[in-house]
Amino acid sequence: MNKTTRFLFIAVVLAFFYAIPQFFNEPYFLHIFVMSEIYAVLALSLALIVGFSGQVSLGHAAFYGVGAYVSALLSTRLGISFWMSFWLSALFAGLVAYIIGRLVLRLRGHILAITTAFFCVLVGVIMNNWIPVTNGPMGITGIPRPAPINLFGLQLVIESRVHYYYLGLIMASGVMFFLYRIVSSRLGDAMIAVRENEELAQSIGIDIMKIKVFAFTVGGMLAGMAGAFYAHYILFISPVTFTMNESINILVMVIFGGMNTLLGPVFGAICLTILPEFLRMAGELRLVAYGVALVVFIVWLPMGIWGTLRSYLMAKVHIKGKKDNGL
Amino acid sequence: MAVFFQQVLNGVILGCIYALIALGLSLIYGILEMANFAHGEFYMLGAFMALFSITTLRVPFFAALLIAMAGMAVFGAIIERIVFRPVVGKPLINSMLISFGLSTALANAALFFFKADPRKIESGLTRIRFRFLGLHLTGERCVILVLSVTLVLFLAWFIQYTTTGKSMRAVAQDRIAAQLAGINVSNIFSITFAIGGALAAAAGTMVGAMFFVSPEMGFTVTLKSCVIVALGGFGKIKGVIFAAILIGLVESLGGGYISYAYKDAYPFLLLILLFILRPEGLMGGKRK
């Protein structure tokens with residue numbers, strides 16, 4: 001893709017997403033779309049950790065939860081506006097991710113996965129038991145909506161789902177652009193080098209620990225943003241949202257789309273937010289169907305849908321030796 | 001002081017149960033090189049199998065235990081053949097997600113068919129009580145101690161001395177070389193899962209007799225046994241037993257003396273501490 005076609009492609013995609021609420025304006029659909037935007041940010045941030053730097057983390061919901069709780073607490077207790085608490089929660093989640101990353105990223109493979117999983121359990125235990133601050137299992141209620149912003153005399157209020165949809169769209173495309181810049185820079189190349197062969201990466205002078213911690217911190221920070229957005233969208237948070245099952249859910253989105261691409265996780269997030277709504281027909285057997293579908297999927301399409309499609313197309317067009325720009 | 005020793009004893013018994021589950025997990029890891037996150041569900045299904053053989057077939061407790069172990073051995077082998085065989089040798093994330101899918105499917109199917117209300121396995125051992133140096137010990141707990149020691153010894157003997165056990169060790173060391181030497185590797189995979197299933201079923205039955213059986217009992221146990229395997233070293237029987245008893249003690253003593261509400265967080269703290277202080281694992285030695 002040359003520059004013009006890529007620009008056109010992005011413009012078409014953005015116009016498509018911009019137009020969606022015009023066609024589906026029922027609140028139920030809009031809710032699903034806003035949730036897919038939140039999951040798209042989560043899946044993208046996890047893709048940076050799992051897909052690009054190759055560190056399997058099962059603790060992503062913990063950062064999501066930390067972001068949500070920090071933003072909710074800042075706005076309910078201290079009355080800080082969403083536009084501030086959003087960044088502060090991202091900063092705090094990033095800080096937590098940095099500390100945890102420094103501690104656990106020495107580990108590899110299964111042990112890393114298990115340790116990060118237990119980090120998620122730890123955060124859940126704290127949310128449930130530190131009652132004076134987190135209000136325990138009852139969760140935090142009465143989170144204010146984002147304050148109206150005054151843009152050159154133009155009053156922008158955020159109260160309906162359409163408004164949240166556009167705000168989420170700005171967030172998701174911003175995150176996408178940010179990650180695209182990281183992934184297509186030398187830093188992204190270093191991450192892929194760490195994923196493919198740690199020893200070799202080290203031998204050519206890449207500080208592997210630094211790269212891994214960087215990916216983990218940025219991933220945690222973006223998950224914290226998604227958490228803050230979630231808290232100010234649903235207006236109620238409780239520990240049941242941020243369990244390990246949620247981590248697995250996000251991981252499945254990343255794998256479903258194809259983990260070492262950027263469009264894949266977004267695609268996976270959209271699909272796996274919409275598909276379970278259809279599975280509601282299965283009633284009580286919904287999660288059984290989900291589990292079986294996951295097993296079947298991993299056996300048949302281990303590279304993810306986008307990944308499989310892309311490698312098929314790549315083989316067809318014979319793009320060889322061309323720089324893989326991450327999309 | 002009597003309370004302290006009682007907590008220690010409870011911790012050791014808890015550790016014995018964890019050891020049975022974690023040993024199966026560790027074997028699967030050692031031989032198939034994958035983590036089975038559905039192992040807790042094997043334990044849950046084994047407990048239900050024992051429960052139903054007592055309530056519907058009206059067999060005595062020990063017969064039910066054997067039925068559950070045999071049933072789960074067969075089930076484990078079938079699951080290995082259908083679900084895990086296609087991802088052998090694939091990246092770890094595939095086997096991880098496939099076992100999560102399996103775990104979700106099994107736990108929710110159990111919830112659908114068996115309903116959520118907790119039930120107890122009637123072992124007939126509750127009435128037997130021992131008092132020894134001020135310590136209370138019920139019949140079930142005695143049976144757990146004896147049974148886990150027996151099973152572990154049997155497993156160690158099996159792996160060390162039988163031909164199948166030797167083949168298992170060979171496969172764990174080098175799959176391709178074992179295949180070249182004429183070992184039927186896929187049979188070994190099935191046998192490994194069968195052993196894991198049987199051990200988990202034994203643990204589930206004992207827990208069901210001591211506490212209760214419910215469809216959600218598997219998940220936390222899976223996580224804890226994963227920690228145990230990570231602490232003890234993959235594929236090391238002694239290390240796993242040691243780590244299991246350590247985790248049992250930490251839970252029981254920490255829950256009793258520090259804070260019960262935070263007891264699920266202790267294994268994580270232990271894991272972090274261990275990896276800071278002794279990155280090579282509890283029993284030392286280099287890990288692959």
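I started with the interface: chain A and chain B bury about 3,600 Å² between them, 85% of it on carbon and sulfur atoms. Buried area here is the accessible area (1.4 Å probe) that two parts lose on being put together, summed over both.

This is a predicted model, so I note that local features need pLDDT of at least 70, that side-chain atom pairs count only at pLDDT 80 or more, and that totals for chains, interfaces and linings use all residues. Residues are numbered from 1 along each chain as its sequence is written, chains are lettered from A and ligands numbered from 1 in the order in which they are written, and side-chain values use heavy atoms, with hydrogens and water left out.

I looked up the contact (heavy atoms within 4.5 Å) and found 41 residues from chain A and 42 residues from chain B.

I checked for salt bridges (a side-chain nitrogen of Lys or Arg within 4 Å of a carboxyl oxygen of Asp or Glu) and the count between the chains is 0.

On the chain B side, by class, I have 34 nonpolar, 4 polar and 4 charged residues. Nonpolar means Ala, Val, Leu, Ile, Met, Phe, Trp, Tyr, Cys and Pro; charged means Asp, Glu, Lys and Arg; the others, Gly among them, count as polar.
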